[in-house]
Amino acid sequence: MKGLLLEKKNSLKRGLKNNKGFTLIEVVMVILLLGMVLACIYLFYNFSVVSWNRTKSENYMIQDTGLLLTRMEREFRQAQKVGFNAVEIFDEGNEVIIYTYEDKTDLMVGYRIKDGKLERATSTDFNTPVLDLVWETVIPSVAKSKDESNIEIPYFKIVDLTRIEFNISVFDPDGHVEDPITISDTFTVRSKGAM
């Protein structure tokens, strides 16, 4: 029995003497392979995050402009003539005033582009000067759309006696979306003789 223990002890010592550990080349190779695997994981993760942010920003931009167009369409459609035109465009198409009603109340609604922002203001007093209106930002980053000849199109333009054209390019304020969303819509004023 004693011989068996002595033999195990000697074989254990021999095993430890023969085991010299990892070589420097083996350690470097493992670090390189681990680095490549981690780099691939990081690239996949980064691509996923960038794609997620871009898609989320695009959806918010589309949703915001969709809600805006729905609201504007209702306001233009309900425009009414009150001693003057139901819709007036100022500042070379950068500003529009709509005389309309909401919940049986007369309402003056203004939209303007100022400092690259689309702003909206309202007043129940038709005699309120435009400068006295309280403007709130509706879309924070906009620019003029351009036609095929690369000429800027006015934001608001009267097409005929009942239609107003609206053109705008919406940018992502966070910078996740590179290309703007270009919106072009025509609103119809339903009141007879409103313009």
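A: **Hairpins around a central strand**

β2 and β3 make a hairpin with two residues between them, and Asp103 in that turn has a positive phi of about 55 degrees. Strands here are DSSP runs of E, at least two residues long, while helices are runs of H or I, at least four, and both are numbered from the N terminus. This is a predicted model, where local features need pLDDT of at least 70, side-chain atom pairs count only at pLDDT 80 or more, and totals for chains, interfaces and linings use all residues. Residues are numbered from 1 along each chain as its sequence is written, and side-chain values use heavy atoms, with hydrogens and water left out.

Back to the strands: β2 and β3 run antiparallel, joined by eight bridges; two strands count as paired if DSSP finds at least two bridges between them. Tyr99 has Met108 in β3 as its bridge partner. On to β4, which pairs with β3 over seven bridges, again antiparallel. Here Ile113 sits opposite Leu118 of β4. This hairpin also has two residues between its strands, and Asp115 takes a positive phi near 55 degrees. Most residues other than glycine have a negative phi. Asp115 is exposed, at a relative accessible area of 70%. Exposed means over 50% relative accessible area, buried under 20%, and partly exposed in between (1.4 Å probe, protein chains only).

β3 itself is mostly covered, with seven of its 10 residues buried. What does all this pack into? The largest nonpolar core has 28 residues, of which Val87, Tyr111, Leu118 and Ile168 touch the most other members. (Such a core is a set of buried Ala, Val, Leu, Ile, Met, Phe, Trp, Tyr and Cys residues joined through side-chain atoms within 4.5 Å.) β2 and β3 each supply at least two residues to this core, as do α2 (24-77), β8 (163-170) and β9 (181-188). The largest share, five residues, comes from α2. Beyond its neighbours within four places in sequence, Leu118 has contacts (heavy atoms within 4.5 Å) including Leu68, Tyr111, Ile113, Phe166 and Ile168. Apart from this core lies another, of seven residues, among them Tyr99, Ala121, Phe126 and Leu133.

How far to trust it? Going by pLDDT, the predictor's confidence in each residue from 0 to 100, β4 scores highest, at 93, and helix α1 (residues 2-18) lowest, at a mean of 58. Where pLDDT is low, the predicted coordinates should not be read in detail.
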